[in-house]
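Please examine the sequence and the fold shown below.

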Amino acid sequence: MKKKNAQVLGEVIREFFEDNTALYDKILEIRVQRAWGEVLGPMVIQYTKNLYVRNGVMYVSLTSSVLRSELTMYSDRLIKSLNDYAGSEVLHKIVIR
């Protein structure tokens, strides 16, 4: 028996996130945090001490000064790669400490 108000699941989820943009923004921030490990690999994760995203800025604490200077030089490229992985323009700046 068919229900009269049946909708496709993808449409329902899309409508839900359109109504709850703050939740969707948080999901994108989490996606970018996960992208850090996927894009840069396990070696960089080994030197990553703290990582969080707030207001479009990713804050990263590293234990290696050499890695810190390398990533600082390529921060624009890194931002693009992380945003591409997330599928949206989440980051506009990375602060590496």
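Two strands are said to pair if DSSP finds at least two bridges between them. In this predicted model, strand 2 and strand 3 run parallel and are joined by four bridges. Among the residues involved, valine 57 has lysine 93 of strand 3 as its bridge partner, and valine 60 has isoleucine 96 of strand 3.

This pairing belongs to an open sheet of three strands in the order 1-2-3, with mixed pairing. Strand 1 and strand 3 each have a single partner strand and stand at the edges, so one side of each lacks a neighbour in the sheet. On average, neighbouring strands are turned by 15° against each other, direction ignored.

In a regular strand, side chains alternate between the two faces of the sheet. Strand 3 has Ile94 and Ile96 on its covered face, while Lys93 and Val95 lie on the uncovered one.

Helices pack against this sheet. Helix 2 touches strand 1 and strand 2, and its direction makes about 155° with that of strand 1. Helix 5 lies across strand 2 and strand 3, running at about 120° to strand 3. Helix 1 (residues 9–19) packs on helix 2 at an angle of about 100°, the axes being 5 Å apart. Because angles of 65 to 115 degrees count as roughly perpendicular, these two helices are described as roughly perpendicular to each other. Helix 1 contributes Phe16, Phe17, Glu18 and Asp19 to the contact, and helix 2 contributes Thr21, Leu23, Tyr24 and Ile27.

The interior may be considered next. In soluble globular proteins, nonpolar side chains tend to be buried together. Here the largest nonpolar core has 19 residues, of which Val32, Trp36, Met58, Leu71, Leu82, Leu91 and Ile94 touch the most other members. At least two residues of this core come from each of helix 2 (21–40), strand 2 (57–62), helix 4 (65–73), helix 5 (75–86) and strand 3 (93–96). Leucine 91 touches Val32, Val53, Gly56, Val57, Met58, Ile79, Leu82 and Asn83, residues up to four places away in sequence not being counted.

Beyond its neighbours within four places in sequence, threonine 48 is in contact with Trp36, Val60, Ser61 and Leu62.

Key. Residues numbered from 1 in each chain as written. Predicted model: local features only at pLDDT ≥ 70, side-chain atom pairs only at ≥ 80, totals over all residues. Heavy atoms only, no water. Core = buried A, V, L, I, M, F, W, Y, C linked by side-chain atoms within 4.5 Å. Buried < 20%, exposed > 50% of the residue type's maximum accessible area, 1.4 Å probe, protein only. Contact = heavy atoms within 4.5 Å. Axes fitted to C-alpha atoms, helices over the stretch in contact; angles between N-to-C directions. Parallel < 35°, antiparallel > 145°, perpendicular 65-115°, else oblique.
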